[in-house]
Amino acid sequence: MAEDEAKAAEAGQPPAEGEKKLSKNQLKKLAKGKGKKKEKPQWGEGKKDKKPKKEAPAAPKFVNTTPKGEKKDLSTIPMASAYHPEAVEAAWQDWWEASGFYSCDPKAAVGRPTDEKFVMVIPPPNVTGSLHLGHALTAAVEDTLTRWHRMKGHATLYVPGTDHAGIATQSVVEKMLVKSEGKNRHDLGREEFVKKVWEWKGEYGNKITTQLRLLGSSVDWGRERFTMDDMLSKAVVEAFNQFHEKGLLYRANRLGNWSCALKSAISDIEVDYIDLEGRTFLEVKTHKGNPNDAKGRYEFGTLTSFGYPIEDSEEQLVVATTRLETMLGDTAVAIHPEDPRYKHLHGKFVVHPFNGRRIPIVLDAELVDMEFGTGAVKITPAHDPNDYECGKRHNLEFICILTEDGSINHNGSQFEGMMRYDARMAVEEALKEKGLYKGKEPNKMRLGLCSRSGDVLEPMITPQWYVNCNSMAKRAADAVRNGDLKIVPNDHEKTWFQWLDNIRDWCVSRQLWWGHQIPAWFATKKGETGISKNDMEHNDRWVVARDEEAAYEKAEKLLGCARDEIVLERDEDVLDTWFSSGLFPFSVFGWPDQTDDLKAFYPTSLLETGLDILFFWVARMVMMGLELTDHLPFHTVFLHAMVRDKEGRKMSKSLGNVIDPREVISGCSLDTLQGRLTAGNLPAKEMERAKKNMQDEFPDGIPECGSDALRFGLLAYTVQGRDINLDVKRVVGYRNFCNKLWNVIKFALGIVTDFAPTPTLLDDLMKSGKMSIRDKFMVSRLMTASKDVNECLRTYRFGDAQQLSYSMWMDDLCLLYIELIKPVVYNNDDKDSRWAAQATLWVALDIGMRLLHPMMPFVTEELWQRLPGRGTLGPDETQTIMLAKYPECIDEYLNPEVEASMAATMKVINACRSLRASYRIVDKVKTHFFVKINGPDEAAVAAQTDDIKTLAKASAVDINPAEDAIPQTVGTVVIDEQTTLLMDLKGLVDYEAEIKRLSKSLNSTLPILNKLEKTIAAPGYKENAAENLQKENHEKLEGLQKKKADIEEAIKNFERLKLLETS
């Protein structure tokens, strides 16, 4: 802290307005004069007039003159006065890509040991989407690893791709059709609609690839994949067939999750749940609106009771339900066999009030709790999971009452055609009319929503294709248990086991048009009647095959007739998007064909993604990889944190807090940010809130930060826990770091005009015998940083790698070493020391750039290319930093003794700076220091007096002078038990002014102190004042008394010093 204050004083920063409080330690030290006390003096910060900040000149509008794909010719581009991201980042990505630096020859990779190969597939983002900052974090982490491995000489491949996103894409294109042509997909027909989707993909589907290029992702664009490509589609067909041939895939009519909005089944893990505490009104987008609610919302969270008339009796059997409309599909009422209230009803029936259907009363001890409600439970086997099992136990009829869009079907009597929640209200009224309605009360409940559409899901019985995952899930769980597959952080293993150990069969069919059409055909003979594809009695007529030709061959054997007698109807459904995504690690390399790529690059090395798709995608890749290839698709899963806004809220379009990486990279005005909100579909109230949040957070918009600053800033956040609360303003700080790098290179270029690096410069330097302690220190710090950063990247500690790299540049190089060598490099008399400083600086810049490159690719390439001597370093010199060797620690160049020596010296320097700042000594005034020191640090400090003079702005530094050589007019600080620092103040301090300032402070303190003393001494204070108030006042009193004593002592000391100087 003392060093920071010293820097602040050196920078001419003024104190805050008004009278500044003086700490007791500050005043105590000043009052002691030459007395020895271990607190460092920090009183006073100077009162310079604050100079108005010069506004940086606006950068001229940048025009990229480098032809696309060619290397930027820096010899024709003068180095700008400041760092401008757009200019720096231009052209490099095109050149890297065109030069083939991102590709990897399978011949160079096949047979390489695992630790010399790095292969990773990108988590394929939806083709409909646009990357947000969560995706940018993924890109930053993945590309950092990729570039690091590539620089280490490993066979490296990073495969890009996008997902066809069945539901999302179909929805986007359907909305576009309605808007542009006034048509829906059924108006066009399947074939024409799918053509429209491909046209849309060709026109709009490259947004993500553009963003990845802006972020500097070094993916092999030549291997870019799309999950609907022919190669990947072939893999999907093969996987489906193999699962069927192994008996893992089957078609069944069973209860599942149905989205009325999508008119499709969805899997269990695509369900979001909300908990209702009681009566709640919710909007239902598939309905026209509830006329009884001002906002058109429908009622949930209630339990409605009604009576079923018992056949041939005046008695009613009362039941209750949270979904009243489902009573239209009731096929039983269950009671407990031991319930004495209903013994007389065993074997009886109730009568449905709307269709007269006889409904049996069944005995079910498993489902019914006698103590809950009336002890009677209505059973709707086709629309409730528990009732479904009950229906199977009692061989009940399964009556579906809903159409695919959620309206009541022909089984709903007079309610046919009504939407389900409109029917709910109508059934209630009809029951009242019949005298069967018994009442309604609030009821806690859990409501399942479709994660894709937000629609309230319906349990419905529909024919679907399922995959039995039991054996695959066990292998996937065992792979983690036995250590073959590592999950990082490992605290997610428990969740992994919990899900896989309780796996359910996966519903893989979707009632959509966009996606991989299921490779299954329903076979009938021409003229054959009464054979329905939806009738489970004819389920054996389904033929699974790799193509239609193979389907005919199988159908011939199945039906025992010639091809011309067979009619094949392909299943119209498509596969769940996650089915093709689960094959991605091997389908991208050509599986099932044994391609060169598959042999060289599969299994991959790492899967890096967010925690939110651990089960949607990661578990399925592991299960499918093990089942279909008998190999784990990767050996490690790294799960990065979730990115949230600075308030901890999830990034969501509905909240209006999603930030496009391009808005940070290129900058964005507030009007543009708010305009994007207006173009969306936020409700008016949420729109205003989102606009206000943006106004508060970005009153001047988002400044241009560049890709490097964004990547570096995102990596800095990975030191946190599970979630990242991202403050975009912090990224702006790393843009300033880029500017620091820029200025360092500019400085270096100015002092090495006569310096020529060699291919073996580091070794030459270390053997030269010309190095000072500061040079050896810098090399040792470079070695330490190289060792530590490599270890961090190896163990996926990206935040630590970022911080270590930053600290090496800022603390070791910029704030220390460069400042130390300035007098040396400008002194032409000592040529050896000058050469050593130049060589050390060149080595530090070269290693430092290579150390940073995986995290900040653009600025490091630009500045590395500008280093003097580039292109003259022999045949092993690479043409790009991304292929240069990543820095490794050379143990023999580590020098802990020199680092300890510099640490001891820096303690003295920091004390010097603090002492100067305490007395408000301006930068241009040099001061004379005296150091009293003994013990192990004495030799180190004595050997670096020149460095102390440089950084402490000293006219002289005397080590262990005679007592009579030290003037009486000194300020003193005790650094530690062995070291004391003194500074001659003669002629440097206006004692009269300081006495006036202290007197003013004393005069303002005394009234406050006196008032508090009177309050505490007042009658009844101890009896009536709260205990915590008394404690607080006592602490204030002690502080004020100490402040008064310290000020008075300081005034006496200044009066003494004034007398000494004038005598």
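This is a predicted model: local features need pLDDT of at least 70, side-chain atom pairs count only at pLDDT 80 or more; totals for chains, interfaces and linings use all residues.

User: How many residues of strand β27 are buried?
Analyst: Strand β27 spans residues 636–640. On one side, T636, F638 and H640 are buried.

User: Which residue of β27 stands opposite K486?
Analyst: Strand β19, residues 486–488, pairs with β27 in the parallel sense. Three bridges make up that pairing. The residue opposite K486 is T636.

User: What is the bridge partner of L607 in β27?
Analyst: Strand β26 covers residues 606–610 and runs parallel to β27. Five bridges join the two strands. The partner of L607 is V637.

User: Which helix makes a β-α-β unit with β26 and β27?
Analyst: The unit is right-handed. Its helix covers residues 614–629. That helix is α20.

User: Are α15 and α20 roughly parallel or roughly perpendicular to each other?
Analyst: Helix α15 covers residues 493–500, and its axis lies 12 Å from that of α20. The packing angle is about 75°. Angles of 65 to 115 degrees count as roughly perpendicular. The two helices, α15 and α20, are therefore roughly perpendicular.

User: How many charged residues are in the contact of α15 with α20?
Analyst: From α15 come T495, W496, W499 and L500. From α20 come L614, F615, V618, A619, V622 and M623. By class, nine residues are nonpolar and one is polar.

Conventions:
Residues are numbered from 1 along each chain as its sequence is written. Side-chain values use heavy atoms; hydrogens and water are left out. Buried means under 20% relative accessible area, exposed over 50%, partly exposed in between (1.4 Å probe, protein chains only). Helices (H or I, at least four residues) and strands (E, at least two) are DSSP runs, numbered from the N terminus. Two strands pair if DSSP finds at least two bridges between them. A crossover is right-handed if, with the strands pointing away from the viewer, the path from the first strand over the helix to the second runs clockwise. Axes are lines fitted to C-alpha atoms, for helices over the stretch in contact, and angles run from 0 to 180 degrees between N-to-C directions. Angles under 35 degrees count as roughly parallel, over 145 as roughly antiparallel, 65 to 115 as roughly perpendicular and the rest as oblique. Contact means heavy atoms within 4.5 Å. Ala, Val, Leu, Ile, Met, Phe, Trp, Tyr, Cys and Pro count as nonpolar, Asp, Glu, Lys and Arg as charged, and the others, Gly among them, as polar.
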